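Dear colleague,

Please find below the structure that I am handing over to you. My notes on what was found in it follow directly after.

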Amino acid sequence: MSAARVGVVTFPGTLDDQDAARAVRLVGAQAVPLWHADRDLKGVDAVFLPGGFSYGDYLRCGAISRFAPLMEEIVPAAKAGLPVIGTCNGFQILCEAHLLPGALTRNASLHYVCRDQRLRVEQTATAWTNTFAAGQEIVLPVKHGEGRYVADADTLAALEAGDHVVVRYLGGNPNGSLNDIAGIRNEAGNVVGLMPHPEHAVEELVGAPSTDGLGFFTSILKNLVNA
Amino acid sequence: MTDSVQRAAETPDEPMPFAELGMKQDEYDRVKEILGRRPTGAELAIYSVMWSEHCSYKSSKVHLKQFATKAPKSEALLVGMGENAGVVDIGDGWAATFKIESHNHPSYVEPHQGAATGVGGIVRDIMSMGARPIAVMDSLRFGAADAVDTRRVLPGVVEGISHYGNCLGLPNIGGEVVFDPCYIGNPLVNALCVGLLRKDQIKLATAPGPGNKVVLFGASTGPDGIGGASVLASATFEDESQAKRPAVQVGDPFMEKLLIECCLELYAADVVVGIQDLGAAGVSCATTELAAKGTGGMTVDLNLVPLRDPSLRPEEILMSESQERMMAVVRPDDIPAFMEICARWDVPATVIGEVTDTGRLVMTWDGEVIVDIPPGTAADEGPVYERPFHEPAGQAALNADTPDRLERPADLRATLLKLLGSPNLASKEWVTSQYDRYVRSNTVLAQPADSGMLRISEAIAGAEPTTRGIALATDGNGRYAKLDPYAGAQLALAEAYRNVAVTGAKPLAVTNCLNFGSPEDPEVMWQFAEATRGLADACKALGVPVTGGNVSFYNQTGSTAINPTPVVGVLGVIDDVAKRVPTGFVAEGLRVVLLGDTHEEFGGSEWAHVAHRHLGGLPPQADLEAEQALATVLVEAARRGLLEGSHDLSDGGLAVALAESCLARGVGASVELCGDAFTDLFSESAARALVAVRPEAYDEFAALCARHEVPCYGLGVTGGTSLVVKDLFEVPVEELRETHSAALPALFG
């Protein structure tokens, strides 16, 4: 079969798009650049919303990107089952677009934090984590100023009851996230958002001292092959 | 009423506020002589900022010349001093451009914005060379760590760098944070940026070709930073400095990120003839410098400059230091393509003028000519001062007050922990964890590694593959320079050079930021003269040319100047980035080897500072031959794969280097000393490094050292959970870590 095509979105102010595209290529998939102003998903098999400061994070992180023309294509496609992942700013955008519940607010420390973070993979029944073992401990970098996941009590209870928490912080919560939540999924498991950065933990030579991020990219390949 | 050229000619005796703009009477007289009349207000604005110390280097020029006259022959140097930044050939068709620049005074007045716009400014310098900026680092100095004002300045500066740099998507890969009471009221914020470009794609600040269009693009022009260049950067602070707050510029990193991507697309489309960033002195500087280096003339209609505040007067437009602006010279046929790329990135762009061959820079406002000057007279022919200098009155007494009289400690274990927990040697994670070190995925080494290192093959999408990488380090020790500015500047270079070499990269080129007090004080000027002479001599000895840099004078409060602080950045290249040497002990069972000789050298040392608050005597000897031999061994050993880990010896000596090496991966070590234990552990002799070598590689490594006459001492082995110094003491690595990591959070929360 031809290589799986993963769209990588660039908004004005997106920063980790080249990094995400490189990680996609590392596992043998094709990275397809998607431009915020185009109403065109170019027939991709999955979408990666990378980190950054889209629109300068002015107003609220992700609040403006949500209204980008490309998002008008992504939202219905995601609801129809297209695998979509958002990391960091991408997670914030997915929450602002109501593809995932809750919101990301200012870190409890009030400081931006960049560190190599231990995590536990809680859920493998998603398009993006199916090559991990349930409960597997991994290390990915976090780097954000607004990564504190919050939601009302009912939403939080529903997330936990429905096994929608995908990754949880271990060994110290970097931002004061409720229930140590680092990432969540939607009901169908095709949409995942997380604050840590898998794309910065895919090569021995550079980035975090871990290659645990590769699992997210091999997962989407496996998901697409099996689909 | 507009002060036009015609009006100026008709009212020759009208008094002009040159003194308020920081201009001296004789300088003003020279302007009148050049123009053959009094300057208009707009012309005075241009000359006053372009002839300010900050823009004209009028006090430093005669000394900086040595960097050129004494420059070592280097085939690597593609663009030297005088452009926005130097460019170095790093092989395989690639070039790196890098520069360090100060933003000291604004960072004291408004720490967050001052530091943020310092990053923004240096990044635009790098962009204007045609390069993609790929990393930043910062060399910071603050007053005493427990001083009240440090708690205001440091968090603001760190947050400013963090916010601006992170938002730009540039990894912050290194730098320094140093505390000393001398910097209270005069913090130093020196920002470095490095960029990457193909060798044949260098852009220069020039405006050739009559008929070509002058385009201003990026942010609109507002009232921020007006007079910043002359008032802020060139005048000594007194108590009223709080009143200068509006003179600090406000940064918008989002616009700068768009500018970066926009510029790179403009370069790729080949629609830029010449380009200049707008920094200090804004439109004045960009127009005069572009015109002076091009065909020689330019017309500008100032009414066309897009304004954020429509009430701005032409003089204010000329002096505004609004951030995130660039000026390009574009062929008329390319204007549509240029504008289309800018529109794609939502970057406003406006044609404001045209290149001419008249030799005059002519600007109009409301249809009247308000500027008509030969641009070179503002850009290049500013005043040059041979400032008087003499050795400070107390220098001999300072040098005579050696640390010999200081009581040596009985408890060496406690001394190590005291040093390791002192603000200068403690972990800087509180600072560096606020910086994104991973973005762009090319970071091979970052703080607390001895130098930052980046792979280059993937730094630009679609680039030809290469195994090469670049390494960068900055260093500077104000206490050493206070004791002996000549040696102090050499030691700063030696340390940065060594920090690059210990990671396996060959040092290639130098940038510097020279932070001093007032040049009008002959004693400060002596420090400056000695430091530049020392640095130029050392660059020659080590074969690394200065490619550019920056001078920051007037770092003083009242008559008290900071310690002279030359900060030196060294860029190196490693042929195969996969062979980089990580910092510290990475595994058990490795031989711990000390390279270089240790002498009893405690003048200006961290021990004297922490244990006795003493500064006197002479700094360690700068032995440049030994430095060069050491670097040769380190680079060759890395190439052959003989080194598993390394660490440079500097502040705090061997004891601190051992502790930091253990902390890198939590691997202990057991070592034995052979000389006087206190000197062996805490002396700060230069030209030394610690390396970890596999036992089976030791003989080959020792032979390499012998061939280059680098002294090589086997101290012991790595392993265990403690740092053991035989017959003296043992400290668990966990205790080292607690001490090392607790200090800054305790101070700054």
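**Annotated positions in chain B**

For "binding site", the UniProt record, an unreviewed entry, lists Ser102(B), His103(B), Asn104(B), His105(B), Arg124(B), Gln249(B), Glu321(B), Ser322(B), Gln323(B) and Ser552(B). Please bear in mind throughout that the model is predicted.

Two of these positions were examined further. Ser102(B) belongs to strand S3 of chain B, which covers residues 94–102. This residue counts as buried because 28 C-beta neighbours lie inside 10 Å, where the cut-off for a buried residue is 20 or more. Leaving out residues up to four places away in sequence, Ser102(B) touches Leu188(B), Val189(B), Asn190(B), Cys513(B), Asn515(B), Asn550(B) and Ser552(B). Ser552(B) is itself one of the positions listed in the record for "binding site".

His103(B) is found in the loop between S3 and helix H6 (104–109) of chain B. With 33 other C-beta atoms within 10 Å, His103(B) is buried.

**Where the chains meet**

Chain A gives 23 residues to the contact between the chains, and chain B gives 25 residues. On the side of chain B that touches chain A, the elements that supply two or more residues are helix H8 (148–168), helix H10 (253–268) and strand S14 (443–445). By class, that side of chain B has 10 nonpolar, eight polar and seven charged residues.

**The nonpolar core**

The largest nonpolar core has 327 residues, of which Val6(A), Val88(B), Ile470(B) and Leu493(B) touch the most other members. Helix H19 of chain B (residues 485–502) provides the largest share of this core, 12 residues. Not counting residues up to four places away in sequence, Leu493(B) touches Val510(B), Leu535(B), Ala538(B), Cys539(B), Leu542(B) and Val568(B). In soluble globular proteins, nonpolar side chains tend to be buried together.

**Helix H22 of chain B**

Helix H22 of chain B runs over residues 624–639. Its 16 residues, at 1.5 Å a residue, should span 22 Å, and the end C-alpha atoms are 22 Å apart, so the two values agree. H22(B) is mostly covered, with 12 of its 16 residues buried. Among the buried residues are Leu624(B), Glu627(B), Gln628(B), Leu630(B), Val633(B) and Leu634(B). Just after H22(B), Gly641(B) takes a positive phi of about 75°.

**Strands of chain A**

In strand S4 of chain A (residues 84–87), Val84(A) and Gly86(A) point one way, Ile85(A) and Thr87(A) point the other way, and all are buried. S4(A) pairs in the parallel sense with strand S3 of chain A (residues 46–49) over three bridges. The bridge partner of Phe48(A) in S4(A) is Ile85(A).

Strand S6 of chain A (residues 113–121) holds Val121(A). Val121(A) is buried, as 23 other C-beta atoms lie within 10 Å. From C-alpha to C-alpha, Val121(A) and Gln136(A) are 5.3 Å apart in space, although 15 residues apart in sequence. Setting aside residues up to four places away in sequence, Val121(A) touches Thr129(A), Phe132(A), Ala134(A), Gly135(A), Gln136(A), Ile138(A) and Val167(A).

Yours sincerely

Notes. Residues numbered from 1 in each chain as written. Chains lettered and ligands numbered in written order. Predicted model: local features only at pLDDT ≥ 70, side-chain atom pairs only at ≥ 80, totals over all residues. UniProt positions renumbered as here; feature names shortened; annotations may be inferred. Helix = DSSP H or I, 4+ residues; strand = E, 2+ residues; numbered from the N terminus. Contact = placed C-beta atoms within 7 Å. Nonpolar A, V, L, I, M, F, W, Y, C, P; charged D, E, K, R; others polar. Expected span 1.5 Å × (residues − 1). Core = buried A, V, L, I, M, F, W, Y, C linked by C-beta atoms within 7 Å. Pairing = 2+ DSSP bridges.
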